Amino acid sequence: MRSFKNLGLFVFGLLLLLYFGVCCNGDSENMVAPMEKNEINALYSAIQGFVGKWWNGSDLYPDPCGWTPIQGVSCDLFDGFWYVTDLNIGPIHDNSLSCAPNVEFSPNLFTLKHLKSLSFFNCFVSQHHHPISTPTESWEFLANSLESLEFRSNPGLIGQIPTTFGRLKKLRSLVLVENGLSGELPTNLGNLVNLRRLVVTGNKLSGKILDSFGGFSQLLICDLSRNSLSGFLPSALFGGLVSLLKLDLSNNKLEGKIPEEVAKLKNLTLLDLSNNKLSGGLTKSIQEMTSLEELVLSKNSIGGDMEILDWHNLRKLTVLDLSNMNLTGGIPESIADLKRLRFLGFNDNKLKGYVPKSLANLANVSAIYLYGNNLTGELQFSELFYGKMGRRFGAWDNPNLCYPFSLMSTSYVPFGVKPCEQEVNFVKGANLAKSKLVNGNVIQNSHSMASLNYDGIWRSFLVELFMVILLMSFCP
């Protein structure tokens, strides 16, 4: 027992010696990794260029990768030293680094040799007073490390997308959202073969979508919406993006037909081509996209008949928006097979025929819009259906569409749709008269009026016949 006590005292004393030896020698840096002087100075200079000259990093954050971390800055160890790996500029959080009115890209930014992620949010805010362009050079110095580059909500960021972005060979995510960028897409962006996400939306870009984008075989998300891109949809784009999950090209000026190669996007869950100038009818290749969950083609003059597609193949669809497309024909019965559907938009087309009553079997649907067509006949939905949907069932502006007269006495009728004409029976003597009741007014049918006057007409005929016979008897 005494030997165990002696051993414990020995270990405790050894720990004390180590502690006081380190502290007394003032060599505490041996217990934590240091940060290279060039690296820390480059970080201070880069941040100061964005937030202003007043910012003194060495006083405020003497150990930015240690006990005085900077909001928006992350570090990692390489060869025993701390290096900056993530730099986020802009008011993402309450204590984030906010940009000054006069910002500048410090050359030292491009000397952060282990930088993996660089993000600017709401930093370049004025396109009139202090606009700024993205540097066209030096991005190649980050080619061996940078994996994510983002510029979000920077209306004061103007000019073209630098061609030097195409040298960032390790880039996996390029996000340029709601900036003031203009010009065409650089051709050498096609060199970024490791991209998983390409989001260039809400800018002022023009020109064509590049065929070289079809080489993004690992791309998962492609969003080029809300620009002014024009020209035809390149077949190579659809043929090469075999891993793609989401494709959004909406709100541009694209034209022509939807390529048949769209069928090769077997993993695609979202396809949004709305608000363009597409035409040429629906392609049957769409029915082969069996992973689709959202299909939005609205606000195009595509035209054609919906019934050419086998809609039951697209059983994963939750959103189907084919509104304002100049479509003709009827509503396919197979739409009712899309049991996961939550939104159905067929409004503002030239559809005709009856509305399938099987649409009521779509248990998950929360909105059905059929207004602005030439649909006819009587709606066959229940009061319970109209109560559930309310105005989210839109069938107005179909002149020859009506709902059953019997629903007039209930609280739930389809908004903007008239009641159907209703036949009612009146009994007078031994004769049956039929009339139409329209909007509460009785309109007698001519056949019913003839039925009511049948007895009088027959009696008049017999009297006239008797008089003729009587006169003939007096003839010599």
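Mentor: Start with glycine 377, which stands opposite leucine 401 in E22. Keep in mind that this is a predicted model, where local features need pLDDT of at least 70, side-chain atom pairs count only at pLDDT 80 or more, and totals for chains, interfaces and linings use all residues. Numbering runs from 1 along each chain as its sequence is written, and side-chain values use heavy atoms, leaving out hydrogens and water.

Trainee: How do you know that strand E20 and strand E22 pair?

Mentor: Count bridges: strands pair if DSSP finds at least two between them. E20 (residues 374–378) and E22 (residues 400–403) share three, in the parallel sense, so they meet the cut-off. The strands themselves are DSSP runs of E with at least two residues, while helices are runs of H or I with at least four, all numbered from the N terminus.

Trainee: What makes strands E18 and E23 edges of their sheet?

Mentor: The open, parallel sheet has the order E18-E20-E22-E23. E18 (352–353) and E23 (418–419) each have a single partner strand, so one side of each lacks a neighbour in the sheet.

Trainee: Why is strand E3 called largely enclosed?

Mentor: Buried means under 20% relative accessible area, exposed over 50%, and partly exposed in between (1.4 Å probe, protein chains only). Four of the five residues of E3 (residues 117–121) are buried, so the rest of the structure largely encloses this strand. Parallel partners join E3 too: E2 (residues 81–89) by four bridges and E5 (residues 148–159) by five. Isoleucine 89 faces phenylalanine 120 in E3, and serine 119 faces glutamate 150 in E5.

Trainee: What covers the buried residues of H2?

Mentor: Helix H3 (57–60), strand E1 (73–78), E2 and E3 are among the cover, with contact meaning heavy atoms within 4.5 Å. Those buried residues include Ile40, Leu43, Tyr44 and Ile47.
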